[in-house]
Amino acid sequence: MQHRLAGRLKLTALLCLAVLLAGCGVAPQGPIDGGPQPIADPAISAELAPFYEQEVSWSACGAERSYCGTIEVPADWNNPQGERFKLAIAYRQADAAKALQSKLQAAGGRVECVQADLAQSADVERMMAHITQTTGPLDCLVNNASLFEPDAGDAMDLKGTRQQLEVNLIAPLSLASQMAQQAAPDARPGQRSVIHILDQKVFNLNPDYFSYTVSKLALERSVALQAQALAPLRVCGVAPGLMFLSGPQTQDNFDRASRVNLLREPIDPAQVAATCLFLAQNPCITGTTLCVDNGQHLVPLERDVMFLAEPKDAA
């Protein structure tokens, strides 16, 4: 899931967008393409030019087929000489990581991309060790990883179920636990946080995508438990609605399904990102989950929304 992070962080934050890794090919080289356009003020745009023109050099790190790269950008693109924050990214595909880096250039910080298979506990530990060694203790960890594979409660694929539990539940719990163990003597009370990305479906149950749903339900219940267990590290949840094409969904189906909510409008991924930023910056919030779904969780459905959005057969 690619989120646009905008605005100014009042603290130097390291935001780790943990995205499930699939097998990647050769590490990419060269400049970042498709970045945001320079802002209107010519003076500020000139100050931003060096950041837009950076070349990213990827190198092997950590687990097999793992690659890392860094860029430097300002935290506030209206004040390029001001404060900066750091970002570390574990990614699904090299191309997707480059695209996300492009979006983050205007938002700020040093971006480091780290590849890891979150279904493998050894990869998870190596990834966190690499990030800690490279950047120091994290200020904020956003667990955005998910496997979304179809299955049913009466026809479970146990291998697939275990894999979804590893990626959607065990990996984020482990990453949060490892973050809590990092020495951060200079952190202010409430400064450090973990944000688990959930799904509005945990508040609006139906049995489709059975193993995925079970994994997200368990992670949602873990938000309060980890907040208690890992304090003073804060733990929060964000439950988005449908934002992107999922599984076998077609664009036409998505266009209909994305409006099945109280506001009858598609959900803006930027608002989900803004909610994560709000939670990362607010030192008083822990142990709770915010729904960012245009009220989708208040529209009960017997099946997953993508199935109910299929057009009826005219016959």
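1. Arg 256 and Asp 252 form a salt bridge, with the closest N and O atoms 2.3 Å apart. The term stands for a side-chain nitrogen of Lys or Arg within 4 Å of a carboxyl oxygen of Asp or Glu. Both residues lie in helix H6 (residues 251–257), 4 residues apart, about one turn of the helix. Helices (H or I, at least four residues) and strands (E, at least two) are DSSP runs, numbered from the N terminus. Arg 256 has 30% relative accessibility and counts as partly exposed. Asp 252, at 47%, is also partly exposed. Buried here means under 20% relative accessible area, exposed over 50%, and partly exposed in between (1.4 Å probe, protein chains only).

2. Some ground rules for reading this predicted model: local features need pLDDT of at least 70, side-chain atom pairs count only at pLDDT 80 or more, and totals for chains, interfaces and linings use all residues. Residues are numbered from 1 along each chain as its sequence is written, and side-chain values use heavy atoms, with hydrogens and water left out.

3. Confidence comes next. pLDDT is the predictor's confidence in each residue, from 0 to 100. The mean for the protein chain is 77, and 65% of its residues reach 70 or more. Over residues 1–39 pLDDT stays under 50; the model has 148 contacts beyond four places in sequence for this stretch. Residues 58–67 also stay under 50, with 36 such contacts. A contact means heavy atoms within 4.5 Å. Where pLDDT is low, the predicted coordinates should not be read in detail.

4. The whole structure holds 5 salt bridges. One of them joins Arg 303 to Asp 208, the closest N and O atoms being 3.0 Å apart. This pair links distant parts of the chain: Arg 303 is in the loop between E12 and H8, Asp 208 in the loop between E10 and H5, 95 residues apart. Asp 208 is buried, with a relative accessible area of 11%. Arg 303 is partly exposed at 38%. Another bridge pairs Glu 220 with Arg 221, at 2.9 Å between the closest N and O atoms. Glu 220 is buried at 10% relative accessibility, whereas Arg 221 is exposed at 59%.

5. Aromatic pairs number 3. Rings of Phe, Tyr and Trp (its six-membered ring) pair if their centres lie within 6.5 Å; planes under 30 degrees apart count as stacked, over 60 as edge-to-face and the rest as tilted. Phe 148 and Tyr 212 are edge-to-face, 4.7 Å centre to centre, with 90 degrees between the planes. Phe 148 lies in the loop between strand E9 (140–143) and H4, and Tyr 212 in helix H5, so the pair ties together parts 64 residues apart in sequence. Tyr 209 and Phe 307 are stacked, because their centres are 6.3 Å apart and their planes at 20 degrees. That pair ties the loop between E10 and H5 to helix H8, parts 98 residues apart in sequence. Ring pairs link Phe 148, Tyr 209, Tyr 212 and Phe 307 into a cluster.

6. Backbone points to check. Tyr 209 has a positive phi, near 50 degrees, in a residue other than glycine. Tyr 209 is buried at 2% relative accessibility. Asn 294 also has a positive phi, near 55 degrees. Asn 294 lies in the loop between strand E12 (289–292) and helix H8 (305–308). A cis peptide bond joins Ala 231 and Pro 232, with omega about 15 degrees. Pro 232 is in the loop between H5 and E11.

7. Which residues touch the most other members of the largest nonpolar core? They are Met 127, Leu 141, Met 179 and Val 194, in a core of 27 residues. Helix H3 (121–135), helix H4 (158–181), helix H5 (210–230) and strand E11 (234–240) each supply at least two residues. H4 gives the largest share, 6 residues. Apart from this core lies another, of 14 residues, among them Ile 197, Met 243, Val 272 and Cys 276. A nonpolar core is a set of buried Ala, Val, Leu, Ile, Met, Phe, Trp, Tyr and Cys residues joined through side-chain atoms within 4.5 Å.
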